[in-house]
Amino acid sequence: KRQVYREKYEDLYEVTYHYDIFNAILSKTNLMTIREIFIRMLMTVKGVSVDKAVAIQQRFKTPKFLMDGYENCSSEQEKRSLISAALKEEVGNRKVGPALSNKIYEVWGV
């Protein structure tokens, strides 16, 4: 059972996992980096393929960079289209459309 807790401290967000969940993730693949974990986390959103997750991770290196990207947006609409705008020059399977960008925002940006 996966549990993620988000607590707001002023303008900072803290995302934590139970140790047993974190340990299980690491033990299956032997020492994953935060970037690899981020890619796996992105792929839990329906519609995010490996190609799309890698493209997002290359633009926003870690979850903190993605959260900062949302924080730097000036409007709700800009937040919802942040990822599709950031990846508009990508080709093929690496492009993220507005609907998927919105879905990722609902998971990561709220």
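A salt bridge is a side-chain nitrogen of Lys or Arg within 4 Å of a carboxyl oxygen of Asp or Glu. The structure described here is a predicted model, in which local features need pLDDT of at least 70, side-chain atom pairs count only at pLDDT 80 or more, and totals for chains, interfaces and linings use all residues. Residues are numbered from 1 along each chain as its sequence is written, and side-chain values use heavy atoms, with hydrogens and water left out.

**Salt bridges**

Side chains of opposite charge can pair when their charged atoms come close. A search of the whole structure finds four salt bridges, among them the pairs in the following table.

| Pair | Closest N to O distance |
|---|---|
| Glu76 and Arg80 | 3.4 Å |
| Glu106 and Arg80 | 3.7 Å |

Helices are DSSP runs (H or I, at least four residues), numbered from the N terminus. Lys64 and Asp68 are four residues apart in helix α4, and so are separated by about one helical turn. Glu76 and Arg80 are likewise four residues apart, about one turn, and both lie in helix α5, which spans residues 76-80. The salt bridge between Glu106 and Arg80 links distant parts of the chain, since Glu106 belongs to helix α7 and Arg80 to helix α5, 26 residues apart.

Arg80 is partly exposed at 24% relative accessibility, as are Glu76 at 40% and Glu106 at 47%. Asp68, with a relative accessible area of 30%, is also partly exposed.

**Nonpolar core**

In soluble globular proteins, nonpolar side chains tend to be buried together. A nonpolar core is a set of buried Ala, Val, Leu, Ile, Met, Phe, Trp, Tyr and Cys residues joined through side-chain atoms within 4.5 Å. The largest such core here has 24 residues, of which Ile56, Leu66, Tyr70, Ile83, Ile104 and Trp108 touch the most other members. Two or more residues each come from α2 (34-42), α3 (50-59), α4 (63-71), α6 and α7 (98-108). Helix α2 provides the largest share, five residues.

**Aromatic rings**

Rings of Phe, Tyr and Trp (its six-membered ring) pair if their centres lie within 6.5 Å; planes under 30 degrees apart count as stacked, over 60 as edge-to-face and the rest as tilted. The structure holds two aromatic pairs. In one of them, the ring centres of Phe38 and Trp108 are 5.5 Å apart and the planes stand at 85 degrees, so the pair is edge-to-face. This pair joins distant parts of the chain, with Phe38 in helix α2 and Trp108 in helix α7, 70 residues apart. Both Phe38 and Trp108 are buried.

**Ser84**

Ser84 lies in helix α6, residues 82-86, and counts as buried at 13% relative accessibility. A polar atom of the Ser84 side chain lies 3.1 Å from the backbone oxygen of Ser81. Apart from neighbours within four places in sequence, Ser84 is in contact (heavy atoms within 4.5 Å) with Val96, Gly97, Pro98 and Ser101.

How values were computed
Buried < 20%, exposed > 50% of the residue type's maximum accessible area, 1.4 Å probe, protein only. Polar contact = N/O pair within 3.5 Å; in protein donor to acceptor, adjacent residues only side chain to side chain.
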